[in-house]
Amino acid sequence: MLSPKVTLKRRRRPSSKPQPAPAAKKESEDSKTVVVDQQNQGDYATITEALEAVESGATILVKPGLYQESLVIDKPVEIIGDGEQSEIIVEVIEDSDKPVVLFQADTGKIANLTLHQFGCRYQDYGVDIRTGSLELEDCDISSKGGSCVNIGSDAEPVLRRNRI
């Protein structure tokens, strides 16, 4: 006589391997993403307004447009172009003694923007990195007056894939 087939279920032993910690939230509660859009489809119409309003750690997404302003970055933020780089233009026009970007924060990032300095003075820089560690990537940078990028003695920037 044949005995019935018996299936034994094995108990799983608890793993002795440490389990990975739950993934941390991508955004901390301090950090926030805001949108700059000249067509009033975002949170702000200018990048300067966004810079003044956001807290450290924020990300500023910039929609296509011509932004005629000088950006002073004095807190850790990211400014990212949201669209075709050639259509997101930040420029400073003639008769201005300001760079397109004056960076003086501990850390920060600028990516996917066209940055033009049309000032006529020798000291007019496209991007003036005075201190800190700025990641500057995938930007088109030009300056009619002085250097396209000036790096101060207390700065340690990283420049990647820029057209200068």
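The legends below describe close-up views of a predicted model.

**View 1. The pairing of strands E6 and E9.** Strand E6, made of residues 88-92, and strand E9, made of residues 114-117, run parallel and are joined by four bridges. Within this pairing, Ile-89 stands opposite Thr-114, a residue of E9.

**View 2. Asp-140 in strand E11.** Asp-140 lies in strand E11, which holds residues 140-143. Because its relative accessibility is 14%, and buried means under 20%, Asp-140 counts as buried. Although Asp-140 and Thr-114 are 26 residues apart along the chain, their C-alpha atoms are separated by 4.6 Å. When residues up to four places away in sequence are not counted, Asp-140 touches Gln-85, Leu-113, Thr-114, Leu-115, His-116 and Arg-163.

**View 3. Thr-59 in strand E2.** The strand that contains Thr-59 is E2, which holds residues 59-62. Thr-59 has a relative accessible area of 17%, and it is therefore buried, since the limit for this word is under 20%. Leaving aside residues up to four places away in sequence, the contacts of Thr-59 are with Lys-32, Thr-33, Val-34, Glu-78 and Ile-80.

**View 4. The largest nonpolar core.** This core has 33 residues, and those with the most contacts inside it are Ile-47, Ile-60, Ile-79, Val-101, Leu-113, Leu-115 and Val-127. Among the elements that give two or more residues to the core are helix H1 (47-53), strand E1 (33-36), strand E4 (71-73), strand E7 (101-103) and strand E12 (149-155), together with E2 and E6. Strand E10, which covers 127-137, also belongs to this group, and the largest share of the core, four residues, comes from E10.

**View 5. Leu-115 and the residues around it.** Leu-115 is one of the residues with the most contacts inside the largest nonpolar core. With residues up to four places away in sequence not counted, Leu-115 touches Val-90, Val-100, Val-101, Val-127, Leu-136 and Cys-139, and also Asp-140, Ile-141 and Ser-142.

Terms used:
Residues are numbered from 1 along each chain as its sequence is written. This is a predicted model: local features need pLDDT of at least 70, side-chain atom pairs count only at pLDDT 80 or more; totals for chains, interfaces and linings use all residues. Side-chain values use heavy atoms; hydrogens and water are left out. Buried means under 20% relative accessible area, exposed over 50%, partly exposed in between (1.4 Å probe, protein chains only). Contact means heavy atoms within 4.5 Å. Two strands pair if DSSP finds at least two bridges between them. A nonpolar core is a set of buried Ala, Val, Leu, Ile, Met, Phe, Trp, Tyr and Cys residues joined through side-chain atoms within 4.5 Å.
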